Amino acid sequence: MIPLRLAAKAKARRPVDTSAVDLLAFHITARALPPPVREHRFAAMSVGGTGAGVKARLAAAFLHDWRFDFAWPDFMLALEMDGGGFVGGRHGRGLGIEKDCEKVSAAAVLGWRLVRCTPRQVKSGQAVEWITKALSAVPWKAPKGEANEF
């Protein structure tokens, strides 16, 4: 049982709105683009994968267990959606901006190309247009009989 005074201090969290993420997944499928990996642990993969000892390997490489919202590892392309920028969310505050800079800079050093967008840019179609152009730099064909699902 949680003491009343501790329970009163707990801040209620709003449910996460995934509508823009779901819409982007729909756009990607509708354009028959290569399927992305969601929540790709790019830093962990750069130090030997997600198995035993990953925390120590990340620490030794001065990395964190960062994830991309969407990633195409074969293309070294990733997409990060910055939600909450217009409502005082994490991506619009000093420490959040600084942590985002650390993450995207580490990704660039590791050779990743990054597309950043907002939910509004997903809804307008701009985000999928950027992804389409970025992926067009490298030819890709779906394996025969494989559905474009993720």
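Biologist: What am I looking at, and what are the ground rules?

Modeller: This is a predicted model, where local features need pLDDT of at least 70 and side-chain atom pairs count only at pLDDT 80 or more, while totals for chains, interfaces and linings use all residues. Residues are numbered from 1 along each chain as its sequence is written, and side-chain values use heavy atoms, with hydrogens and water left out.

Biologist: OK, how many helices and strands are there in the chain?

Modeller: The protein chain has 7 helices and 4 strands. Those are DSSP runs numbered from the N terminus, with helices being H or I of at least four residues and strands being E of at least two. Along the sequence the order is α-α-β-α-α-β-β-α-β-α-α.

Biologist: And what share of the residues is buried?

Modeller: Buried residues account for 33% of the 150 in the protein chain. Buried means under 20% relative accessible area, exposed means over 50%, and partly exposed is in between (1.4 Å probe, protein chains only).

Biologist: Let's switch to aromatics. How many pairs are there?

Modeller: There are 4 aromatic pairs. Rings of Phe, Tyr and Trp (its six-membered ring) pair if their centres lie within 6.5 Å; planes under 30 degrees apart are stacked, over 60 edge-to-face, and the rest tilted.

Biologist: Why is the F42 and F68 pair called stacked?

Modeller: The ring centres of F42 and F68 are 4.0 Å apart and the planes sit at 10°, so this pair counts as stacked. It links distant parts of the chain, with F42 in helix α3 (residues 42–46) and F68 in strand β2 (residues 68–72), 26 residues apart.

Biologist: Buried or exposed, those two?

Modeller: F42 is buried, at 1% relative accessible area, and F68 is buried too, at 0%.

Biologist: Which geometry does F42 have with W112?

Modeller: F42 and W112 are edge-to-face, 6.4 Å centre to centre with 65° between the planes. That pair also links distant parts: F42 is in helix α3, and W112 is in the loop between α5 (94–109) and β4 (113–117), 70 residues apart. W112 is buried, with a relative accessible area of 10%.

Biologist: Which residues make up the aromatic cluster?

Modeller: F42, W66, F68 and W112 form one cluster.

Biologist: New topic, then. How many salt bridges?

Modeller: The count is 6 salt bridges. A salt bridge here is a side-chain nitrogen of Lys or Arg within 4 Å of a carboxyl oxygen of Asp or Glu. One of them joins E129 and R31, at 3.0 Å from N to O. E129 is in helix α7 (residues 126–135) and R31 is in the loop between α2 (19–30) and β1 (37–40), so the bridge ties together parts 98 residues apart in sequence.

Biologist: What's the exposure of E129 and R31?

Modeller: E129 is partly exposed at 28% relative accessible area, and R31 is partly exposed at 37%.

Biologist: What does R41 bridge to?

Modeller: R41 pairs with D65, their closest N and O atoms being 2.6 Å apart. R41 is in the loop between β1 and α3, and D65 is in the loop between α4 (54–60) and β2, 24 residues apart.

Biologist: And K103 with E80, buried or exposed?

Modeller: K103 and E80 are both buried. Their closest N and O atoms are 2.8 Å apart in a salt bridge.

Biologist: Which residues form a network of salt bridges?

Modeller: D82, D100 and R116 are linked that way.
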